[in-house]
Amino acid sequence: MLAEACAGFTPGGELRLVEKLRRRYDVAVVTAAVTQASLRHRAVAKFGAEDAVRMYFTPDGLEQATRTTVGVHRAARIAATLPGATVVDLGCGIGGDLISAARAGLRVTGVERDPATAAAAQANLAALELPGQVLVGDAEAQDCSQYEVVFADPARRADGKRVFDHNAYSPPWSFITDLLAGTACVKVAPGIPHEAVPDGVEAEWVSDAGEVKEAALWSGKLYAGTTRRATLLPSGATVTSAPEVDSAPVGQYIYEPDGAVVRAGLVTAVAEAVDGWLLDPRIAYVSADSLVATPLASAYEVVEELPYKEKALRSWVRTQGIGTLEIKKRGVDFDPAVLRKKLAPKGAASATLIVTRIGRDAVAYSCRRVARP
């Protein structure tokens with residue numbers, strides 16, 4: 001039945017599929033099967049087609065699950081330090097991190113308070129032919145002393161809304177800091193304040209294909225001796241130090257650091273990598289006179305500096321025949337979508353407009369995006 005629902009599923013065609021299957025199957029079974037087929041289709045982006053078509057999901061579990069590329073990176077780091085270690089995953093959800101850890105040769109146990117979600121996690125390990133067990137229970141009630149590594153993914157949602165304050169996590173932040181007194185890895189939101197990270201704990205910000213996905217806190221035997229790290233997937237490029245650099249006027253190129261580098265406060269590492277400088281000491285844009293390939297940033301060639309005035313920018317768009325306009329900004333308060341509508345691009349050319357603040361002044365630059373090698 002589930003295989004038939006998955007084979008017949010197309011996005012937007014759920015109602016027709018339900019009507020077709022109801023002719024032969026019970027309505028409750030059909031609804032469950034079509035829902036699962038829809039979730040499997042959505043899960044391909046996180047888990048890949050080969051795994052997603054074999055796994056079981058809940059809507060919340062899929063939404064909150066770790067992307068496989070990130071989970072594999074994290075599991076590989078644990079396995080490199082503690083090969084074959086016993087790992088308990090507190091709040092394992094549907095088991096995304098359990099899968100990555102088990103494949104890395106770690107011995108895994110998951111704990112999940114919701115019975116249906118725990119059942120999905122156990123079923124996913126079985127479906128992918130991986131060892132491990134999943135227990136139903138509260139994270140705070142577990143005896144973690146029997147495990148070499150504790151992994152925790154505290155809930156960051158309340159009443160269906162995302163929680164940004166680490167003090168509102170569940171389990172509470174006090175529980176998390178207690179875990180970090182031992183050997184642990186804790187997944188947190190990318191907006192975690194630097195000052196909230198306990199002493200002797202590394203905070204690692206991770207991006208995947210240019211999109212910041214999460215931060216992870218590493219402690220105990222997993223602590224690598226640095227307080228901040230930015231890791232960029234899929235390349236695996238990583239940076240841990242931020243040298244002092246000067247600020248100076250714009251050069252031939254502007255570099256936009258990856259979001260993980262910005263979140264980690266390691267922007268000057270980009271300046272060092274490209275032999276460049278900051279446009280402003282408080283803004284995360286780097287400039288240089290040479291084009292240097294780096295996974296840490298995207299590069300834009302500066303064509304001209306423009307007045308940050310709507311009339312002047314509209315004239316620039318019109319005279320250059322710009323129809324495709326990418327607008328990027330930092331340190332300036334405006335909505336790029338609103339500005340784009342006001343500038344009314346209609347031509348055949350394309351351009352990038354970078355608007356930023358230097359000192360107290362807003363400045364605009366007409367740029368060409370440089371393709372990464």
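Is Phe 334 buried or exposed, and what is its relative accessible area? In this predicted model, Phe 334 is buried, and its relative accessible area is 14%.

**Aromatic pairs**

A pair of aromatic rings is described by the distance of the centres and the angle of the planes. The whole structure holds three aromatic pairs, and two of them are set out in the table.

| Pair | Distance between ring centres | Angle between planes | Arrangement |
|---|---|---|---|
| Phe 47 and Phe 57 | 5.7 Å | 50 degrees | tilted |
| Tyr 308 and Phe 334 | 5.8 Å | 40 degrees | tilted |

Distant parts of the chain are linked by the pair of Phe 47, which belongs to helix α3 (residues 27–47), and Phe 57, which lies ten residues apart from it in the loop between α4 (49–52) and α5 (59–64); both Phe 47 and Phe 57 are buried. Whereas Phe 334 is buried, Tyr 308 is partly exposed, at a relative accessible area of 30%.

**Charges over rings**

Phe 334 also has Lys 329 over its face, at 5.5 Å from the ring centre. Elsewhere, the charged end of Arg 40 sits over the ring of Tyr 56, at 5.0 Å from its centre.

**The surroundings of Asp 258**

Asp 258 is placed in the loop between β12 (253–257) and α10 (259–263), and it counts as buried because its relative accessibility is 8%, under the 20% limit. Its side chain makes a polar contact of 2.8 Å with the side chain of Ser 207. Beyond its neighbours within four places in sequence, Asp 258 is in contact with Ser 207, Gly 210, Leu 232, Leu 296 and Ala 297.

Notes
Residues numbered from 1 in each chain as written. Predicted model: local features only at pLDDT ≥ 70, side-chain atom pairs only at ≥ 80, totals over all residues. Heavy atoms only, no water. Helix = DSSP H or I, 4+ residues; strand = E, 2+ residues; numbered from the N terminus. Buried < 20%, exposed > 50% of the residue type's maximum accessible area, 1.4 Å probe, protein only. Polar contact = N/O pair within 3.5 Å; in protein donor to acceptor, adjacent residues only side chain to side chain. Contact = heavy atoms within 4.5 Å. Phe/Tyr/Trp six-rings, centres within 6.5 Å; stacked < 30°, edge-to-face > 60°. Lys NZ or Arg CZ within 6 Å of the ring centre and 35° of its normal.
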